[in-house]
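Visitor: I have a structure open and would like to learn how to read its features one at a time. Could you walk me through it?

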Amino acid sequence: MTHLSRRRVLAAAGALSGAGLAGCLGGGNGGESTRECSGDQRSVDVPPAGDPESDVTVAAYEDFACPGCREYVLNVLPRIEDEYVEPGAIAYEHRDLPIPVDEEWSWKVPNAAFVVFEEAGPEAYYEFIPAAYQHQGDYSEETVVGVATDLGAEEGAVRDALESEPFCEQLVESRAAALDRGVEATPTVFVNDQAFESPGEEELREAIESELS
């Protein structure tokens, strides 16, 4: 699967100045360690972008309320996509790790993302991620619904997801899997089994090239 000309435009529009990425540490932000899930729950299985059969998998653990994740997605990832994801050299996965940096939006934004996947498919899902980060610090029901509906999701379904969090259990499980893998901060990016906290573009490129060689 390839994408995302729109994503590159969004990244360029939201580029941040500054020399490095500042990550968000788990357990140090005062947030609850888990989420009480209720109501009807469901799950989805989002495929990787790029080539799912590649021998190199890059998996990024993110919290939608983490400023370092925003900078990673908007400033670092687009060039990695251009060079490795869109040509099909690697498989690329977004994985949710609600620390939570924000007690509300660390959970609600990924719920909306999964609705976008259900209703508009994987390309729309991967486009939703940078589009949502554009509104970090100003998340609201209206902004998240606006992003999701622009990508093809039905408004009522997104509003229902923000209210009832039908993917809460999936997110709790995703968080637990990240911690079991030893992830302590977001963004943490794995290139196969090698982990990088708040990586820069060159660091990721070197790791990917090493695995491809």
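Guide: Gladly. We begin with burial: a residue is called buried when its relative accessible area is under 20%, exposed when over 50%, and partly exposed in between. Keep in mind that this is a predicted model. Cys66, at 0% relative accessibility, therefore counts as buried.

Visitor: What is Cys66 joined to by a disulfide?

Guide: The general idea is that a disulfide is a covalent bond between the sulfur atoms of two cysteines. Here Cys66 is linked to Cys24, with an S to S distance of 2.2 Å. The torsion about that S-S bond is about 95°, so the disulfide is right-handed. Cys24 sits in strand S1 (residues 24-25) and Cys66 in the loop between S3 and H2, so the bond ties together parts that are 42 residues apart in sequence. Cys24 is buried too, with a relative accessible area of 8%.

Visitor: How many disulfides does the count come to?

Guide: Two. The other joins Cys37 to Cys168, with an S to S distance of 2.0 Å, and at -75° about the S-S bond this link is left-handed. Cys37 belongs to the loop between S1 and S2, and Cys168 to helix H7 (residues 168-180), so this pair ties together parts that are 131 residues apart in sequence. With the bonded cysteines numbered in sequence order, the pairing reads 1-3, 2-4.

Visitor: What about Cys69: which cysteine sulfur is nearest to it?

Guide: That of Cys66, 3.7 Å away. The cut-off for a disulfide is 2.5 Å between the sulfur atoms, and Cys69 is in no disulfide. Cys69 is buried, with a relative accessible area of 0%.

Visitor: Let's turn to the strands. In which sense does S4 pair with S2, parallel or antiparallel?

Guide: Strand S2 (residues 49-50) pairs with S4 in the antiparallel sense, over two bridges, and Gly50 has Ala91 as its bridge partner in S4. Strand S3 (residues 57-62) runs parallel to S4, and six bridges join them. S3, helix H2 (residues 67-85) and S4 together form a right-handed β-α-β unit. S4 itself (residues 91-96) is mostly covered, with five of its six residues buried.

Visitor: Where does Glu62 lie, and is it buried or exposed?

Guide: Glu62 lies in strand S3, opposite Asp96 in S4. Its relative accessible area is 2%, so it is buried. The side chain of Glu62 makes a polar contact of 2.8 Å with that of Tyr133. Beyond its neighbours within four places in sequence, Glu62 is in contact with residues including Cys69, Tyr72, His94, Arg95 and Thr186.

Visitor: How should I read a nonpolar core, and which residues touch the most other members of the largest one?

Guide: In soluble globular proteins, nonpolar side chains tend to be buried together. The largest nonpolar core here has 57 residues, and Tyr72 and Phe128 touch the most other members. Among the elements that give two or more residues to this core are S3, H2, helix H3 (105-120), helix H4 (122-133) and strand S6 (188-191). A second, separate core has six residues, among them Tyr61, Leu97, Ala178 and Val183.

How values were computed
Residues numbered from 1 in each chain as written. Predicted model: local features only at pLDDT ≥ 70, side-chain atom pairs only at ≥ 80, totals over all residues. Heavy atoms only, no water. Buried < 20%, exposed > 50% of the residue type's maximum accessible area, 1.4 Å probe, protein only. Helix = DSSP H or I, 4+ residues; strand = E, 2+ residues; numbered from the N terminus. Pairing = 2+ DSSP bridges. Right-handed = clockwise from strand over helix to strand, strands pointing away. Polar contact = N/O pair within 3.5 Å; in protein donor to acceptor, adjacent residues only side chain to side chain. Contact = heavy atoms within 4.5 Å. Core = buried A, V, L, I, M, F, W, Y, C linked by side-chain atoms within 4.5 Å.
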